[in-house]
Amino acid sequence: MPDRKPVVIAIDGPAASGKSSTSQWVAERLGWLHVDSGSLYRALTAAMVRTGRPPETWSGAEIVAQGPRISLRAEKTSFSTLIDGEPADDEIRGGAVTAQVSRVAQVPEVRAWVNARVRQAAESHDVVVDGRDMGTAVFPDAPLKVFLVADSWERARRRLTQRLERGPTDDEIAEETDLIVQRDAKDATQTLQAKDAVLLDTTYLTQAEQVERIVALAHAVSHRPDAT
Ligand code: C5P
């Protein structure tokens, strides 16, 4: 644990903008921990999917009641998300969870629960947190906030390349672009760019270039006279 107040870098942006992988690499470069706030929304959703009940019947209270089943375990450079003490990283990224997570994330009690867990993780470690509203609702005082954007076709192409481990066809990219644009619309109310966030359009940047830019910003901020 650092012997000063831990530092937070907040990275926000829409679906498939590369937030999680970029945040993970930045955390590794700085020797910090990465917290993926989306994984908590996903874990609550996965716990509800496991109940087998139709999503239209899920109430906010029931969703939050799944909270004690979910924990974050600090690993070397990230937190892994556990459900009932077991790693659930693949399950929470599956289609059944992705289809319902935006609806779950709109429930105010759910947002309050996730925000409290993310703040708790940041109490004892320097962290790079990623999500939709980390720089606005959760860490408004973070010394560095970055808002990542990229063209939706490019986001779809990257996501499919990662998932399929080959170059996707144009038809596949077009289909995935539709899904991404739909999720952008569902998440629009909670995807907020802080006024003091640095906007980074990654459409024409490689992953390594995005990481370099953010690491350089982190160094610039830590040398500012008012930095904590
Ligand atoms: O980042 P990821 O796509 O894994 O997030 C899953 C979902 O969780 C998003 O589609 C969004 O609905 C929700 N989310 C959110 N606020 C955050 C992080 C994620 O509403 N800070």
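Is Asp171 buried or exposed? Here are a few friendly notes on this predicted model, starting with that residue.

1. Asp171 is exposed, with a relative accessible area of 63%. In the fold, Asp171 belongs to helix α9, which covers residues 170-186.

2. Now to the strands. An open sheet is formed by three of them, in the order β3-β4-β5, with antiparallel pairing. The edges are taken by β3 (70-74) and β5 (86-87); each has a single partner strand, so one side of each is left without a neighbour in the sheet.

3. A handy landmark is Ser71, which stands opposite Leu82 in β4.

4. Two backbone angles deserve a look. As background, most residues other than glycine have a negative phi. Asp84 has a positive phi, near 50°, and is not a glycine. Asp84 sits in the loop between β4 and β5, and at 44% relative accessibility Asp84 counts as partly exposed.

5. The other angle belongs to Glu165, where phi is positive at about 55° although the residue is not a glycine. Glu165 lies in the loop between α8 (152-164) and α9. Its relative accessibility is 72%, so Glu165 counts as exposed, the cut-off being over 50%.

Definitions and conventions:
Residues are numbered from 1 along each chain as its sequence is written. This is a predicted model: local features need pLDDT of at least 70, side-chain atom pairs count only at pLDDT 80 or more; totals for chains, interfaces and linings use all residues. Side-chain values use heavy atoms; hydrogens and water are left out. Helices (H or I, at least four residues) and strands (E, at least two) are DSSP runs, numbered from the N terminus. Buried means under 20% relative accessible area, exposed over 50%, partly exposed in between (1.4 Å probe, protein chains only). Two strands pair if DSSP finds at least two bridges between them.
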